[in-house]
Amino acid sequence: MSRKIYTILSLLLVAAFALSACGAKATEAPAQPAATSAPAATQAPAATAAPAATEAPAKKVTVTWWHISTVDNQKALFQKFADEYMAAHPNVTIEITVLANEPFKTKLTTVMQSGNPPDIFQSWGGGVMNQYVDAGLLQDITPALDADGGSWRSTFSPGALGVYAYNGKNYGVPWDMGMVGFWYNKDLFSKAGIANPPATWSEFIDDVKKLKAAGITPIALGEGDKWPGAFWWEYMAVRVGGQAAFDAAQSRKGAFTDQPFVDAGKNLQQLIALQPFQDGVLGAPYGDEQVAMGNGKAAMELMGQWAPGADAGSSTDKKGIGDKMGWFPFPAVDGGAGAATDALGGGNGFAIGKNASPEAVDFVKYLSRAESQSQMAQINMNVPVVKGGEAGLSDPNLIAVQKGAAAANYFQLYYDQYLPPAMGSVVNDSVQGLFAGTLTPEQVAQALEDSAKQELK
Amino acid sequence: MQSLPAIPDVLKLKRGSGAPRRLQDNLTIALFLLPAIVLFLLFVVYPIAQSIYYSLFNWKGFGPAVDFVGLKNFKNILSDKVFLTALRNGFLIIVFSLVFQLPLSLGLAVLVGRDLPGRVFFRTVFFMPYVLSEVITAIMWLFLYNPDPERGLINALLVLIPGLKAQAWLANTSIVLPAVFIALTWKYFGFHMLLYLAGLQNIPVEIEEAGRIDGANSFQNFFYITLPLLGSTIRTSVYLSVLGSIQQFVLVWIMTQGGPVNASETLATYMYRFGFVRFQLGYGSAVAIYMFLICLTFSLIYQRLTRQPDYLTGL
C-alpha cells in the first residue's frame, strides 16, 4: 500500500520537475520575442491601419524609436519632437528607447538576428546597413522620398542621403553629417612659431617638426582604439588616390594594392617616423586623446566634428581650451589625384525597420524638417544635413565643417562604416600595425585587398 | 517503540523481479535524469552542434547560412599569423601561471594557514580581488597602468626613482603581455590560495608533528609532507588555471582588446574579434571549435596522466 503511495509520489515529483523544466522553457519562448518585439506585436494593427488610415485615422499605432543621444539636452530635444508629433497625431504613440553607443549595437544585433528590427533606429549607413538590407530587415522608403515630385528627397544634400542608399534604393535618412579634419590649439601653434595652419602635406610635416622642436607634443592620438589612426590612412588615401582609385578598388576593377593605397601608407610612415604622438599612443583609448587635447597637452588631432565637445567634456575643468580651438582641413598632398576639397566623414541617421508603419516614416519626415534640424544645430548637437538647417549653427568651427562637407564633390564615408564590417575591421587593425612599425605600407594594402577579395563580390 | 514494527514492513516489500523489474528501474532512472538531460542537450549539446554547423559556412549572422565553404574556415585559421600569436600567448599565460601564480598562491596559503598574527585579516585581503568583478578589475588596472605619470599610479611611483622613466605598459608590444598577466595574477591568486587553504586543512596536524619529532626541519616538512599530501588540490588548481588561461577574455579585452597589434591576443579575444567585431560568424565558430578541441584534448590527457587515485595521496 505504502509502496504504491511512494511510487505515485515520486512519479509526481518527477513529473513536476519535468513539467517545470518544460514550463520554464515554454513560457520563455514566447516571452523573448514579446520582449524584443514590442514593435512586432503592435505591428499587426499598424499594418492593417495603413489602408484604413484614409478612412478612419483614429486607429492606434505605436512607433518604436531607438537612438543613442544620451546627452541630456539632445535626449530632451528628441523627446520634444516625439511629443510634438504625438500631440498632432493623437492616434500615434512613439516609444523611445535611449541607449549608449555600445549597448545599442549589441542590442540591435540581437533583435536583428531574431528578425525584429525597431521601426526607426540609429544608423550610420554604409556596409553595416547594407547587410541588414541584404537580410531583408529594412524597409525601402524610396517611394516616400519621391512622393510629390520628390519634395522630401530634395531637402537633403544628395551626398548625405546617398549614405543611406543601397543599389539605388533608400532605407533611411541622414540626421547630421560632418567631416574629419584637424582640430588644433591656436596657442600652441603660435608658441611654436606657426602663423597659419598648413595647407600641404610637406608644410604639415614641417609644422610637426617645429612643434616638436618647441617641446610640444604635436599630435594626440588614441590608437589603442584603432579607428582614430585609421582616419589618417583613409584621409591620405582620399588625397592620394581620389575617388577614382577608391571606386576602382571597390568595384573590383582595381585593387586596394594599387599604388595610391600603398603611397598613402608611405606618406603616413614619413610622419610616424617623427614620433609626433603622445607617449603610449598605441595603447591609448580615444578618451586619452580627448584628455590630451582638452587639457592643452597636445597641439592637434585629426578627428570628426564632435571633437570640441568631447575634448572639453574630458578636460579637467570640463571647459577644454574654448575658443583657442581652431579647425583646418586635411592638407593637400603634392601630386595626389584627390582634390583638396574632397572629404572623409560621416554622420548619424535613422534607418527604417521592415515592419515600420507609414506613420513611422511620416515621423521621420517630421524629424528631418529644416526647423528640427535648426533646433538641433542651436544646441550644437551636430552639423545639420537638411538645407536651411545650418541657420541654427553659431560656432565658427562647426560652420567651417558644415561648409567643408557641403563643398565636397567626393564625400568618402569612413571605411569602417562604408565597407562591410569585416573589411572595416581589417583597415583599423592593419593601420595600427603601420603605427607600431610592424607592418609595411605594402602589407597594409595587401591585408585590405585580401579581405576585399572575400567580402566584395 | 511504535516505529519498530515499521522495519519488518519495509523488509517485506516485494518488488518485481527479472525483466519487468529491470525495465521499471531503468524507467525510474530515466525519469529522474530527464530534466537534467533535457537542459544539458538544450544549452550545451545543441549550441555546440550549431557552432559546428555554422563553422562550415561563410556566414554573417543575419538570415540563414547559405554560403557553404566546407573546411575552408579551419584551414584559413591555421594559416593566420594572428591565430598563432594568440596560441602562443595562451601558452605563455599558462606557463606564467604555473611558474609564478600558483607557487605564489601556495606560499601565501601556507603563510596565512599557519599561526601568522592577523592571518584572518590577510586571508580576507588576499581573497578580495577575486570577489571583484573582472570588468572593475580591468578598469582599475587601466588606471594604474596609465602612461601619464600624472594619472597612472605605477608610473607616478616609477618616476620618483632616479634613472627610471614612465612606461607605456599597455602600449608596448613587448611588455603588454606581462603587464596583463600581472593584472590576471592579482585577480586570481586569491582563488587558488583558497583552494590550497582548504587542502591544507585536510592534512592532519599529527603527520607534520610526527615529522618534526623524527627530526625534519620545516623546509623538509613542507617539501616531503605538506606538498605531496596537497597533490590532489594542486592537480585541481593546475587544471582550473590552464583552462582559465585558455579561455581568458574579459580582462584582456577591456584592457587591450588584444592589442597593440595583436601583442596580447588570446584565443578568446581572437574568436570574439571575428565573431562579433568583423561579423564573420562562420569563421568565429570555427575558432570556437578549435578552442573546444584544445580544452577537450587537454582535459582528457590531463585526467589520464593524473589518474592516480586521489585516496592514496589525499587521505
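**A walk through a two-chain model**

Let's start at one residue: skipping neighbours within four places in sequence, A:Gln122 is in contact with A:Trp66, A:His67, A:Ile68, A:Phe104, A:Asn348 and A:Phe350. Here, contact means that the C-beta atoms of two residues, placed from the backbone, lie within 7 Å. This is a predicted model, so local features need pLDDT of at least 70 and side-chain atom pairs count only at pLDDT 80 or more, while totals for chains, interfaces and linings use all residues. Residues are numbered from 1 along each chain as its sequence is written, and chains are lettered from A, with ligands numbered from 1, in the order in which they are written.

Back to A:Gln122, which sits in strand E3 (residues 120–123) of chain A. Element names follow DSSP runs numbered from the N terminus: helices are H or I with at least four residues, and strands are E with at least two. Is A:Gln122 buried or exposed? A:Gln122 is buried, because 22 other C-beta atoms lie within 10 Å. The cut-offs, with C-beta atoms placed from the backbone, are 20 or more other C-beta atoms within 10 Å of a residue's own for buried, 12 or fewer for exposed, and anything in between for partly exposed.

Now zoom out to chain A. It has 19 helices and 14 strands, and 49% of its 457 residues are buried. Taking the contacts in chain A with a separation of 6 or more, 74% link residues 24 or more positions apart. Chain A is divided into domain 1 (53–177 + 347–368) and domain 2 (180–341 + 415–455), with bounds that come from an automatic or database domain assignment. The C-alpha centres of these two domains of chain A lie 32 Å apart. Their contact takes five residues from domain 1 of chain A and six from domain 2 of chain A. On the domain 1 side there are two nonpolar, three polar and no charged residues. For these classes, Ala, Val, Leu, Ile, Met, Phe, Trp, Tyr, Cys and Pro count as nonpolar, Asp, Glu, Lys and Arg as charged, and the others, Gly among them, as polar.

On to the strands. Strand E1 (residues 61–67) and strand E2 (residues 92–98) of chain A pair in the parallel sense over seven bridges; pairing requires that DSSP finds at least two bridges between the strands. Together with helix H3 (residues 72–88) of chain A, E1(A) and E2(A) make a right-handed β-α-β unit. Right-handed means that, with the strands pointing away from the viewer, the path from the first strand over the helix to the second runs clockwise.

Elsewhere in chain A, three strands form an open, mixed sheet in the order E7-E12-E14. Strand E7 (178–179) and strand E14 (411–413) are at the edges with a single partner strand each, so one side of each is left without a neighbour in the sheet. Strand E12 (residues 343–346) of chain A runs parallel to E14(A), joined to it by three bridges, and A:Gly345 stands opposite A:Leu413 in E14(A).

How does chain A meet chain B? The contact takes 25 residues from chain A and 25 residues from chain B. On the chain A side, the elements giving two or more residues are helix H1 (2–36), helix H4 (101–113), helix H5 (126–134) and helix H18 (421–436). H18(A) provides the largest share, six residues. By class, the chain A side divides into 14 nonpolar, nine polar and two charged residues.

Chain B is divided into domain 1 (13–54) and domain 2 (72–314), whose C-alpha centres are separated by 37 Å. Four residues of domain 1 of chain B are in contact with six residues of domain 2 of chain B.

The largest nonpolar core has 161 residues, and A:Ile352 and B:Val180 touch the most other members. A nonpolar core is a set of buried Ala, Val, Leu, Ile, Met, Phe, Trp, Tyr and Cys residues joined through C-beta atoms within 7 Å. Apart from it lies another core of 15 residues, including B:Leu267 and B:Tyr290.

Finally, two asparagines have positive phi. A:Asn167, with phi near 50°, is in the loop between strand E4 (165–166) and strand E5 (169–170) of chain A. B:Asn262, at about 65°, lies in the loop between helix H12 (250–256) and helix H13 (267–277) of chain B. A:Asn167 is exposed, with 9 other C-beta atoms within 10 Å, whereas B:Asn262 counts as buried because it has 24 C-beta neighbours inside 10 Å.
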